[in-house]
Amino acid sequence: MSLLQDLRFAVRSLMKSPVFGAVAVFTLALGIGANAAIFSVLNAVLIKPLPYADPGRLVMVWQDLRARGGPATEWTGPSQQFDWKAETDVFENLASVRGWNASLAGGDLPESVLGEQTTYEYFDVLGAQPALGRTFRGADDVPNAPRVAVLSHALWTRRFGGDPSVVGRTTVINGESHEIIGVMPEGFRPVVVTNAALWRPQRMRPVNPSRNTAVNRTVGRLRRGVSLDAARVRLAALAARLEQAHPESDTKKGINPVPLQEQQVGAMKPALFVLQAAVAFVLVIACVNIANLLLARASARIREIAIRRALGAGRRRIVSQLLTESLVLAAAGGGLGALIAVWGVSALKAVAPEGTPRIEEVGVDWRVLAFAAALALATGVIFGLVPAMHASRDEFAPALKQGGRGQTGDGGGRLRRGLIVAELALALVLLAGGGLLLRTFLALGRADLGFNPDHVVAGFVLPPPAVYKDNPHRLAFYDALLSRAAAIPGVASAALSSVIPLGGDSDTSFDIEGRPPATRSADALIVWYRVVSANYFATMEIPLRRGRLFADREADPSLVINETMAKRHWPGEDPLGRRIRFDRDGPWFSIVGVVADVQVRGARGDAHEVEAYMPYWHNPEPGVNIVLKTAIDPAALAEPLRRVVKEVDPGVAVAGVSTMNGMIADSIVDTRFQATLVAAFAGLALVLAATGLYGVTSYAVAQRTSEIGIRLALGAAEPHVFRLVVGDALRLATIGLMAGLGGAIAAGRVLEKLLFGVTETDPLTLGLTSALLMLVAFLASYVPARRAMRIDPMEALRIE
Amino acid sequence: MAFFGKSNPAVNVDAADTATLAPGMLIGLRNIEKSYAHGTSRTYVLRRINLDVKDGEFISIMGPSGAGKSTLLHIIGMHDSAWTGEYYFLDQPVHKLAPKDRARLHKQHIGFVFQSYHLLDHLTVYENLDIPLSYRDIKKAERESMVCDVLDRFAIVGKKDLYPNQLSGGQQQLVAVARAVISTPKLILADEPTGNLHSSQGKEIMELFRKLNEGGTTIIQVTHSEVNAGYGSRIVQLRDGWMVNE
Ligand SMILES: Nc1ncnc2c1ncn2[C@@H]1O[C@H](COP(=O)(O)OP(=O)(O)O)[C@@H](O)[C@H]1O
Ligand SMILES: [Mg+2]
């Protein structure tokens, strides 16, 4: 009964001061909305189960090469698929997947799309059913089985008009005829190539499979009741058995199962937690502002409260009434916050980097709404309790005596000022964090990767292996492509390379002439190799350090290596003239030159890998990047490049045509996203803190009107009054600044993993953000200070 | 007493305003009017005030409540600039001065005493005395000696670290007067300085004023008390904004 009365009072008293109510509700809604929006990402990415049947049992399974100094998550080959799948007390089913560059013939230009080539178990492992037709069977997945393909829902609607009769039809992909056997439903989520548009079986040879290739990624479904730990134990035993059976290839190879969810989104955890922490700060600041508003209001109402108490209202009664008021505010703020969250989520999805895992699943669901409601309730209690306790203190007699002349106990003022200091400190922490991330982004964009990306455009071309079966055919294709590309108007030079920076990589083992060859794969020497045209180095401006580059078409098998390879394998010696081979039946390649290292994996990647370049005419790999150095805007050459490839072979498409600078920008888009968001939240925090400071300063000016009048009468000039008010605000800001700097340095340590090219105590960032904070504090106190300057001493002193 | 240049008609209008006071005069008010707008109508608070004050005079302004006494005092004190007419202070036409110059003049020559003392609650006696000096670009060491000097003269050295609310009303007004004279003004304006005091305390303040006046300080006070007015050399009567029998 009294609750209902409190509620009625609360609504009525809020209606009486609509500006206060609106400001409070909107501030709170911003805080709650931002938190709910980020939480919706956290929810979709980290909390919501993956969209597969019983997803908790899905694991990625890797070769663990840590014992031989390799990675913990090495890709797999055919032998692993067969050996591991046979371990039926661990896996209910197992499938291997690799990417697929598919050129779809027909239309004006052939279309290049990405797909997955899988073992037939793929869809069964995931528990996915087709929308139309069927998925793969064992018989589709043997050597020389007729080619079949399954389409994604998107490709089916876009390219086949959503026609159900496509099932059973054939279509030409990479020069080969494929029968379309099925269409997947709209929500199906591929495991490896997240935007895969079609699938076909790998048709691996089950007898004598290669034991050392690493071309696949493997996904398994654990048998029901088998825990991850149990699986690890049994797989360790399997690895030991395999090591005994195949010592030359399987020595020191472990098996590493990783839960699929962890695998797909684990890398996003730190960034997401940082973002969630950032918006939490925003909410705290919003709450402080509202608490301050409520404190000011409670001060203004101190007489009303004193009268109520004098009439016999107990302290609990007063607290409960004021608390009801803040809870009403919180409920309104939470509701509006949910709306802001819905809007924020769509904004987030619009600016999120392409390929962010699970971003399409982000939305406001019941979990997000529950989160927003819980926040509203918690904040309502927290920001309401402090002023309520304060206003209901026991000495109410003075308030009565003073005749309610807007006099507050100084305690309220001190509390409010303390809260403002905390706000400013939090805002500075966010600003510094945003600043550090922005500097990271700038450093990444400017990092020297060992080549010149300006005016370079590249695309990947895969002459279909079914058509271009052998080296002479591929060579002829590449030669024709290269000469036509070089002739495109605006092209300064055209080159080929099987590997370009930020575009994937491949390694192989090798022997050095005159040194004993490895007998086990665990001891093999590994090199990341690229097959290039002679002018690749000039095109990319990769500097030659020693020796020479390739002469065009030179007949002797020659090799250019990078500095790291020279240092690693010929420390203190001259590598020039040394010979290595990649294939025990193949030719020896002479090292003729040493070039500078290139950071193929981008600025954050390990800088120094062992790398070797060989001429493409000695080993024309299936698939090559064509790289154009242009005299004009490189983006303008994407279309002519596609035309040239079509002229060479109308069935071949160019995949992923992109400028080198575009690729670099794409490779750091995550950082940009994080930096943008944190900076945006920091801006929001700063605005809120500035509003808070403005409020406190205005209030102080109002309270000090007569003091300022006296000072003016005693000869204070306008600048004195201005300094009095602004100085007071800046004093608060300085205390906030000191506390904030401490917090910023602590937060920098948390951010460390996300930073690049900047230390967490970067003086420039801390200096600039501190200056910004002080500037904003100045601006926030400027308006009240101007008002103080205009105080009329006569008016101020007329109180008597 | 005024000088009118006639040689150049173009200068004529200005020349009238360059009139200064005769020697020995401190203040000249000519046709001062002050009004407040209420919507479309206008209420006059002061009408055609003409007043000359000699340097070293002690004037008491009297009149019923609402007559415009405080308003007049604030105009003379240069807190108020929204009036019409001419106001000469020493050699300066106050009505023509830019706000900055007016403030400088006010700072240099005028001290103020209020009915309710208006000491700043959160400052000690010492700090209250220091305020006017802090607005006058005086070096710290010099300020210290000036404050100590005044504390001495007013016999309040023992109170220098107390806060206003630890003093009696009379003591507070004593401090307020000390604060008004600390920057050695030519003119002290006092708006009912004894209004809140017992008669014995009021007498003490009046004796103080007399001493200051004898030392050469011009004093204009607002008072309701005939006894207090007796300390002065002249009485100015205000009624409904008009000066009567002056
Ligand atoms: N801001 C104002 N607006 C309108 N009238 C005012 C204002 N301030 C003062 N007055 C009026 O001016 C008149 C003179 O006031 P004041 O100079 O304070 O009188 P006194 O000091 O003689 O008692 C009074 O009638 C008062 O109501
Ligand atoms: Mg008065």
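Select Arg553(A) to begin, and you will find this residue in the loop between β15 and β16 (558-562) of chain A, where strands (E, at least two residues) and helices (H or I, at least four residues) are DSSP runs numbered from the N terminus. This is a predicted model, in which local features need pLDDT of at least 70 and side-chain atom pairs count only at pLDDT 80 or more, while totals for chains, interfaces and linings use all residues. Residues are numbered from 1 along each chain as its sequence is written, chains are lettered from A and ligands numbered from 1 in the order in which they are written, and side-chain values use heavy atoms, with hydrogens and water left out.

Stay with Arg553(A) and look at its backbone: phi is positive, about 65 degrees, although the residue is not a glycine. Most residues other than glycine have a negative phi. Arg553(A) has 40% relative accessibility and therefore counts as partly exposed, a class that lies between buried (under 20% relative accessible area) and exposed (over 50%), with a 1.4 Å probe and protein chains only.

Next select Glu541(A), in the loop between α16 (536-540) and β15 (544-547) of chain A. Glu541(A) also is not a glycine and has a positive phi, of about 60 degrees, and because its relative accessibility is 41%, it counts as partly exposed.

Now show both chains and turn to the place where they touch, to which chain B gives 23 residues and chain A gives 15 residues, contact meaning heavy atoms within 4.5 Å. About 1800 Å² is buried between chain B and chain A, and carbon and sulfur atoms give 62% of that area; buried area is the accessible area (1.4 Å probe) that two parts lose on being put together, summed over both. On the side of chain B that touches chain A, the elements giving two or more residues are β1 (25-38), α2 (69-76), α3 (99-109) and α4 (125-134) of chain B.

Move on to β1(B), which belongs to an open sheet of four strands in the order β2-β1-β4-β5 (chain B), with antiparallel pairing. Its edge strands, each pairing on one side only, are β2 (41-54) and β5 of chain B, and two strands pair if DSSP finds at least two bridges between them. Between β1(B) and β2(B) there are ten bridges, and if you select Met25(B), you will see Lys54(B) in β2(B) standing opposite.

From there go to Leu90(B), in the loop between β4 (84-89) and β5 (92-93) of chain B. Leaving aside residues up to four places away in sequence, Leu90(B) touches Leu21(B), Met25(B), Leu26(B), His109(B) and Lys186(B).

Finish at strand β7 (residues 187-191) of chain B, where five of the five residues are buried, so the strand is largely enclosed by the rest of the structure. Leu187(B), Leu189(B) and Asp191(B) point one way from β7(B), whereas Ile188(B) and Ala190(B) point the other way. Four bridges join β7(B) in parallel to strand β6 (residues 110-113) of chain B, with Gly111(B) opposite Ile188(B). Five bridges join β7(B), again in parallel, to strand β8 (residues 218-222) of chain B, with Ala190(B) opposite Gln221(B).
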